[in-house]
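Hi,

Here is the structure I promised to pass on. Have a look at it first, and then read my notes below.

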2 protein chains.
Amino acid sequence: MTTDARGSSDAPIDDFYAVIPAGGAGTRLWPVSRSRSPKFLHDLTGSGRTLLQATVDRLTPLTGSAGVVLVTGDHHVAAARTQVPELREDAILAEPSPRDSMAAIGLAAAVLQQRHGDVVIGAFAADQVLSGQAAFEQAVREAVAAARAGYFVTVGIAASRPSTAFGYVRSGASLGVEGAPTAMHARGFTEKPDAETAREYLRSGEYRWNAGMFIVRTSVLLGHLAEQRPELHDGLREIAAAWDTEDRARVVADVWPGLERIAIDHAVAEPVAATGGVAVVPGTFGWDDVGDFNSLAALLPSADDGGSKVLGDPSDVIRVDSAGSVVVPAAGRLVAVLGLDDVVVVDTPDALLVTTRARAQQVKSVVDAVRARGLDELL
Amino acid sequence: MTTDARGSSDAPIDDFYAVIPAGGAGTRLWPVSRSRSPKFLHDLTGSGRTLLQATVDRLTPLTGSAGVVLVTGDHHVAAARTQVPELREDAILAEPSPRDSMAAIGLAAAVLQQRHGDVVIGAFAADQVLSGQAAFEQAVREAVAAARAGYFVTVGIAASRPSTAFGYVRSGASLGVEGAPTAMHARGFTEKPDAETAREYLRSGEYRWNAGMFIVRTSVLLGHLAEQRPELHDGLREIAAAWDTEDRARVVADVWPGLERIAIDHAVAEPVAATGGVAVVPGTFGWDDVGDFNSLAALLPSADDGGSKVLGDPSDVIRVDSAGSVVVPAAGRLVAVLGLDDVVVVDTPDALLVTTRARAQQVKSVVDAVRARGLDELL
């Protein structure tokens with residue numbers, strides 16, 4: 001296999017489709033991320049590509065250009081078409097209302113099975129940042145091999161610190177599937193741990209960050225769903241059957257609003273792990289979910305010797321005696337910071353946030369206060 | 001003597017003129033204060049009146065409506081006329097370029113002597129905030145009495161804390177002048193002291209803050225100036241002689257640029273104090289020079305229980321876990337502060353400053369950085 005300049009092999013995987021569930025408000029990234037313009041529509045790394053564009057870019061080499069499917073809210077479809085015009089019209093599945101990740105990924109699985117028969121899908125969130133394309137592709141190729149053998153496969157990222165912001169997946173014995181030499185049985189998932197538990201996880205060597213990537217055959221996923229959540233399964237099947245017909249609008253309007261809101265983790269991954277049906281493939285690529293302005297900072301190059309970071313034009317920022325600051329000058333104005341270390345300043349045309357890197361995870365409390373003031377146009 | 005609702009007596013002082021030197025960039029209040037719109041043109045207390053307007057308001061009861069003279073840069077004349085339309089046209093003296101306070105006050109003294117003969121003038125900076133109108137008027141009335149007896153009179157504010165931001169005046173024996181029962185000889189002036197010296201000043205009871213108010217007969221001031229700085233004196237006399245004639249523009253253009261730049265403190269007050277010619281009248285009114293955003297904070301009402309202050313519309317500010325903050329929402333945008341105590345956020349349409357109350361005196365370093373970037377339009 002040959003690789004191109006960015007580390008992609010040149011051979012897409014047969015009968016493999018990527019599903020990108022693009023939802024989530026990215027509340028902790030307010031006021032950059034808004035309900036009408038959420039996180040995945042923004043370039044948060046200064047790369048020149050939005051998170052959605054970068055996600056499509058990294059998946060296309062694995063699927064071919066016709067193999068990427070986006071599932072997003074219908075009010076984001078226009079922006080998505082503008083950002084990723086290479087997606088075919090029928091490759092964007094519009095949700096009339098948010099029903100969490102099981103409905104989004106299940107809908108894509110059912111529609112793809114309807115269109116292509118029993119294929120392997122990989123679900124990859126639209127708002128993550130990865131580095132190391134070759135390692136990513138290698139992990140997905142192993143995951144697909146394990147999925148073909150019937151497993152519900154996740155990718156577990158080697159934890160570089162005892163993060164309390166991520167969920168973890170615990171690995172067990174080697175899977176022993178051809179084409180997936182590093183794949184292991186998954187012994188279970190855990191929610192975001194406290195700091196002490198996270199340190200124990202790191203010491204044990206058995207826990208990896210759950211990157212929220214799920215690779216599975218459509219028939220396997222829908223089979224698990226039929227067992228675990230039969231009503232949700234039946235509703236999605238009914239919608240999928242009508243999707244590429246003139247009945248779509250009517251059936252979606254009838255069925256979608258009644259679908260259960262549940263994450264794929266709870267609906268399928270956790271119960272199936274308990275009965276041995278989940279595998280984990282170690283991911284050795286760089287990964288971050290860019291959950292807040294502090295994690296965003298880790299992805300930006302330093303703007304000065306003090307480790308300050310700028311998302312935007314560095315010439316819009318003046319720092320005096322301020323180390324480790326994170327500044328987003330998104331309003332075209334000069335931002336001057338004097339005598340504050342580790343401060344976060346996010347400047348947009350209609351709202352300004354000033355906080356600290358340590359408090360970055362609590363930006364939701366500001367968003368709650370904005371909502372309580374009735375300033376919904378700023379959310 | 002009767003007093004009105006705001007504490008003014010109803011009798012202006014005979015042959016007394018107030019001179020308001022309105023210069024100074026107010027650099028430490030950037031980005032509110034700019035070279036084209038300096039501090040004195042702004043309402044910095046939320047009172048609805050700018051510092052210049054408030055200064056005229058407080059002096060008019062002492063001088064009568066025709067007795068206030070403003071000396072300011074010619075590029076501020078239009079704004080001044082708009083803000084204080086009650087000033088007669090010839091009551092605004094325009095300086096073609098800044099030549100510091102001796103030239104400004106000396107010019108007013110020479111012009112007023114030319115117009116009215118030997119009168120008493122009181123110089124009061126345009127960018128101070130006072131409270132206690134009755135106490136202010138009482139101090140000025142005593143100062144005028146001492147000035148009529150031939151003294152160069154200053155007002156010394158009872159120091160409420162060992163400030164290192166103000167100069168001090170040291171008082172000596174009682175003056176014993178009729179109409180000025182509290183006036184004392186001034187033993188000398190000191191520049192801004194270090195913290196330990198300031199504490200000693202406060203303990204001694206002999207030192208008061210030098211409020212930069214100078215009350216003196218025009219003949220006395222010009223006499224001292226002729227002795228101390230004869231060239232500056234002669235230049236100002238030459239300009240004053242031409243001021244109300246058609247020769248003004250020509251003479252000003254000839255003479256003004258060559259005038260020495262020196263503060264009245266150094267040119268007259270200090271040398272004259274050394275020979276016993278200066279008196280000090282204690283001022284018991286509230287006084288602040290609003291030098292920076294921290295001192296500004298002291299003048300604003302609290303916006304919440306945490307002692308936070310807002311100069312502007314409090315509904316433009318959201319604070320979460322942020323006590324003691326100072327926010328100036330002057331761009332009409334929402335300003336949200338999370339988890340930062342004693343932070344200063346000054347939001348204007350084209351520039352944003354984020355600093356702390358403790359660093360408020362060092363805002364000049366930001367202004368220097370802005371200038372070094374060549375962003376003169378923001379200064």
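**Two crossing helices**

In chain A, α6(A) and α9(A) are roughly perpendicular to each other. Keep in mind that this is a predicted model. The two stretches to look for are residues 218-228 for α6(A) and residues 264-274 for α9(A); their axes come within 10 Å and cross at roughly 90°. From α6(A), the residues that meet the other helix are A:Leu221, A:His224, A:Leu225 and A:Gln228. Facing them from α9(A) are A:Ala267, A:Val268, A:Pro271 and A:Val272. That contact has six nonpolar residues, two polar and no charged ones. Residues three or four places apart on an α-helix point the same way, because there are 3.6 residues a turn.

**Another helix in chain A**

Just after α4(A) comes A:Gly150, with a positive phi of about 105°.

**Where the chains touch**

Chain B puts 29 residues in contact with 30 residues of chain A. On the chain B side, the elements that give two or more residues are β13, β15, β16, β17 and α11. Which of them gives the most? It is β17(B), with six residues. By class, this side of chain B has 20 nonpolar, five polar and four charged residues.

One pair to look up is A:Leu353 with its bridge partner B:Ala336.

Most residues other than glycine have a negative phi, and most peptide bonds are trans. Here are some exceptions.

- The bond from A:Trp30 to A:Pro31 is cis, with omega near 5°, and A:Pro31 sits in the loop between β1 and α1 of chain A.
- In chain B, the bond joining B:Trp30 and B:Pro31 is cis, with omega about 10°; B:Pro31 is in the loop between β1 and α1 of chain B.
- B:Asp15, in the segment before β1 of chain B, has a positive phi near 50°. With 16 other C-beta atoms within 10 Å, B:Asp15 is partly exposed.
- B:Val290 has a positive phi near 45° and lies in the loop between β11 and α10 of chain B. B:Val290 is buried, having 24 other C-beta atoms within 10 Å.

Cheers

Note on methods. Residues are numbered from 1 along each chain as its sequence is written. Chains are lettered from A and ligands numbered from 1 in the order in which they are written. This is a predicted model: local features need pLDDT of at least 70, side-chain atom pairs count only at pLDDT 80 or more; totals for chains, interfaces and linings use all residues. Axes are lines fitted to C-alpha atoms, for helices over the stretch in contact, and angles run from 0 to 180 degrees between N-to-C directions. Helices (H or I, at least four residues) and strands (E, at least two) are DSSP runs, numbered from the N terminus. Angles under 35 degrees count as roughly parallel, over 145 as roughly antiparallel, 65 to 115 as roughly perpendicular and the rest as oblique. Two residues are in contact if their C-beta atoms, placed from the backbone, lie within 7 Å. Ala, Val, Leu, Ile, Met, Phe, Trp, Tyr, Cys and Pro count as nonpolar, Asp, Glu, Lys and Arg as charged, and the others, Gly among them, as polar. Two strands pair if DSSP finds at least two bridges between them. A residue is buried if 20 or more other C-beta atoms lie within 10 Å of its own, exposed if 12 or fewer, and partly exposed in between; C-beta atoms are placed from the backbone.
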